[in-house]
Amino acid sequence: MIVAPGVVADAGLLAEIAAREFAALGTRGRLAYARDSAHLRALARQGDTVVVLTGSDEREPALTGPSVLVRAVLDRADGAPHIHGRGIEGLAWAIRHAAHRAGHPDVRRIPYGPSPEQWADLYLPDPVTSAAVPVVALVHGGYWRSIWAADTVESLCAGLAGRGLAVWNLEYRRPDLHTWATTVQDVTAGLAALHAAGHPLLDLGRVAVAGHSVGAQLALRAIADGARASLAVSLAGVLDLVQCERRWMSNGAVAAAMGPAGGDLRASSPLLRLPLGVPQLVVQGADDDLDLVDFGRRYARAASEAGDEVTYLEMPGGHFEVIAPDTPICESAIDAIAAALR
């Protein structure tokens with residue numbers, strides 16, 4: 001873990017975060033401070049898995065040597081590396097991402113458009129079999145803000161792959177740096193690219209389209225718009241955009257994403273697009289934001305009343321426990337997804 005020159009942060013705090021993450025991951029690591037660009041390049045050549053922490057106003061040198069290199073930028077910045085704008089906590093996310101990449105070297109990144117944000121990571125089941133397997137297409141959340149990216153659901157990807165499922169972890173352009181229409185188009189295109197990939201180990205007749213938080217809104221809206229799926233999955237989903245906007249959740253995230261007119265609000269709210277016409281699994285942590293608990297319960301009831309086949313799973317757990325495979329609620333969700341696809 002290398003701190004680039006010019007980073008403004010308490011050294012003790014960075015050391016605490018790094019030590020905590022190394023311990024949680026069961027791995028060894030060390031923290032080093034680069035004096036200048038030449039020193040940074042030299043430090044990067046000393047490790048196989050390297051995280052570089054920088055500020056947005058720094059020009060980083062080209063680095064060679066490590067098999068896994070993760071750049072984390074403290075500040076929010078246009079055109080920044082994958083992890084940016086998460087402040088000091090971004091260091092923790094970067095270490096997790098680097099450890100995940102080192103532990104899953106066979107993950108393939110497949111672009112579906114020209115933008116560096118248009119790609120999906122394809123996970124094959126562990127262990128790989130000769131027979132075609134079901135697929136979970138996964139859409140991450142983050143209240144439609146670019147600082148939150150597909151790395152936030154990597155542990156869930158690993159958990160699903162460990163249960164014999166393939167995973168399509170979708171990245172997409174978010175409206176704070178692009179537009180709402182761009183986000184909707186990317187999710188549609190990214191899901192279609194899964195079917196176009198034609199990988200021989202993917203059973204494209206058994207595909208679950210799943211989303212976490214606002215990723216559930218995007219996933220279910222895509223199904224309502226015609227995306228192919230044999231199962232729709234909401235994990236702590238933002239399923240009622242009308243009430244999300246009225247309650248000003250996440251400091252007005254709906255208005256910020258859609259713009260002041262909010263012209264696509266009703267078309268984008270999963271609750272107003274029922275019935276979806278496919279079986280659904282709605283997973284909600286009882287310890288999550290109470291508005292999300294409200295959304296999940298009302299959505300499941302409305303979907304059932306509209307004629308959809310719905311399983312509602314509510315258990316103890318918070319917003320991120322639903323995507324952490326070592327928690328009971330996430331284990332139960334994975335069990336339910338695997339059973340539905342098989």
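Here is a short chat about a predicted model and a few of its backbone features.

Visitor: What kind of model is this, and how are residues numbered?
Guide: It's a predicted model, where local features need pLDDT of at least 70, side-chain atom pairs count only at pLDDT 80 or more, and totals for chains, interfaces and linings use all residues. Residues are numbered from 1 along each chain as its sequence is written, and side-chain values use heavy atoms, with hydrogens and water left out.

Visitor: Okay, what's the strand order in the open sheet?
Guide: Its eight strands run β6-β7-β9-β8-β10-β11-β12-β13, with mixed pairing. Strands here are DSSP runs of E, at least two residues, and helices are runs of H or I, at least four, numbered from the N terminus. Two strands pair if DSSP finds at least two bridges between them.

Visitor: Which strands sit at the edges?
Guide: β6 (108-111) and β13 (310-315), each pairing on one side only.

Visitor: How do β11 and β12 run, parallel or antiparallel?
Guide: Parallel, with four bridges joining β11 (residues 231-235) to β12. S234 stands opposite V282 in β12.

Visitor: New topic: what's the phi of Y143?
Guide: It's positive, about 50°, although Y143 is not a glycine. Most residues other than glycine have a negative phi. Y143 lies in the loop between β8 (133-139) and α4 (154-161).

Visitor: And W144, buried or exposed?
Guide: W144 is buried, at 2% relative accessible area; buried means under 20%, exposed over 50%, partly exposed in between (1.4 Å probe, protein chains only). W144 also has a positive phi, about 60°.

Visitor: Where's the cis peptide bond?
Guide: Between L274 and P275, with omega about -5°. P275 is in the loop between α9 (265-268) and β12 (280-285).
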